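Open the model in your viewer and keep the selection tool at hand.

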Amino acid sequence: MSNGVMPTGAQRDVVLSTPRLTLTSWLVEDVAALHEVHSDPATMEFVRNGRPESRGEVERLIDQYMDEHAARGWTKWRLADVDDQLVGRAGFGGSSDSRGIAYLVRRSHWGLGLATEIAEALVGWHREHAVGVPLRALAAVGNDASSRVLEKVGFDEVGREEYDGTVCRVFVHPNMD
Ligand SMILES: CC(C)(COP(=O)(O)OP(=O)(O)OC[C@H]1O[C@@H](n2cnc3c(N)ncnc32)[C@H](O)[C@@H]1OP(=O)(O)O)[C@@H](O)C(=O)NCCC(=O)NCCS
């Protein structure tokens with residue numbers, strides 16, 4: 001496929017792999033695992049509605065991710081470890097004109113460098129598969145771990161903007177031409 005997504009022969013497409021992580025498309029059966037992650041208050045403090053989510057909300061979210069992957073070849077994909085266990089999600093939001101990098105890691109796996117590892121790989125994926133499309137990121141003021149990840153993978157902070165009522169730090173990646 002032109003977007004670099006490789007069909008596996010199994011049901012999932014593999015988008016990319018790093019030494020410790022694999023990014024894949026979703027299956028309906030992933031709802032329980034993602035709901036475990038999205039029902040944790042600390043994990044959700046700075047994302048989506050800022051609160052734990054119900055199983056129904058997670059079902060609708062996975063439907064959305066599956067539709068986006070099928071329709072345009074990019075979304076927020078399933079993030080799995082070397083044993084193919086879900087450890088979060090990562091990918092892109094935004095529009096075709098300006099994509100926003102996004103990542104979320106299961107709380108038991110924080111502090112191991114996983115967000116940095118997948119963010120770095122996503123920057124490379126974007127550079128290869130979305131040539132000329134600006135890449136930015138928003139991190140809520142107070143989400144210092146996320147801002148640190150963005151700095152570590154080369155983003156520059158350019159200002160602040162409000163998103164869904166939350167004041168966010170705005171980052172852009174400088175090397176996307
Ligand atoms: C933010 C998040 C993705 C970080 O994941 P992670 O795998 O723990 O991140 P990493 O280990 O790769 O790197 C975290 C960095 O932030 C630093 N950090 C962690 N907590 C911090 C804090 N409270 N203040 C400042 N820096 C912090 C770490 O020390 C590390 O930097 P270092 O390598 O220079 O020491 C994770 O906490 C998460 O999923 N949070 C919930 C979802 C979320 O907020 N997603 C981002 C939305 S913008």
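**Stop 1**

Select Trp77 and Phe92: both are buried, meaning under 20% relative accessible area, where over 50% is exposed and in between is partly exposed (1.4 Å probe, protein chains only). This is a predicted model, in which local features need pLDDT of at least 70 and side-chain atom pairs count only at pLDDT 80 or more, while totals for chains, interfaces and linings use all residues. Residues are numbered from 1 along each chain as its sequence is written, and side-chain values use heavy atoms, with hydrogens and water left out.

Rings of Phe, Tyr and Trp (its six-membered ring) pair if their centres lie within 6.5 Å; planes under 30 degrees apart are stacked, over 60 edge-to-face, and the rest tilted. By this rule there are 4 aromatic pairs. Trp77 and Phe92 form an edge-to-face one, with 6.1 Å from centre to centre and 85 degrees between the planes. Trp77 is in strand E4 and Phe92 in strand E5, 15 residues apart; strands (E, at least two residues) and helices (H or I, at least four) are DSSP runs numbered from the N terminus.

**Stop 2: the cores**

Next, select Leu23, Ile101, Ile118, Leu122 and Phe155. Of the 30 residues in the largest nonpolar core, these touch the most other members. Such a core is a set of buried Ala, Val, Leu, Ile, Met, Phe, Trp, Tyr and Cys residues joined through side-chain atoms within 4.5 Å. Elements that each supply at least two of its residues include strand E2 (13–17), strand E6 (99–105) and helix H4 (114–129). H4 gives the largest share, 8 residues. Apart from this core lies another, of 11 residues, among them Leu34, Met44, Tyr65 and Leu104.

**Stop 3**

Now select residues 31–38, helix H1, where Val31, Leu34, Val37 and His38 are buried. Seen down the axis of H1, these buried residues fall within an arc of 125 degrees, so they line one face of the helix; the arc is that of the directions from the helix axis to the C-beta atoms. They pack against helix H2 (41–44), H3, E5 and E6.

Finish on Val58 in helix H3 (residues 55–72). Is Val58 buried or exposed? At 0% relative accessibility, Val58 counts as buried. Leaving out residues up to four places away in sequence, Val58 touches Val31, Leu34, His35, His38 and Glu53, where contact means heavy atoms within 4.5 Å.
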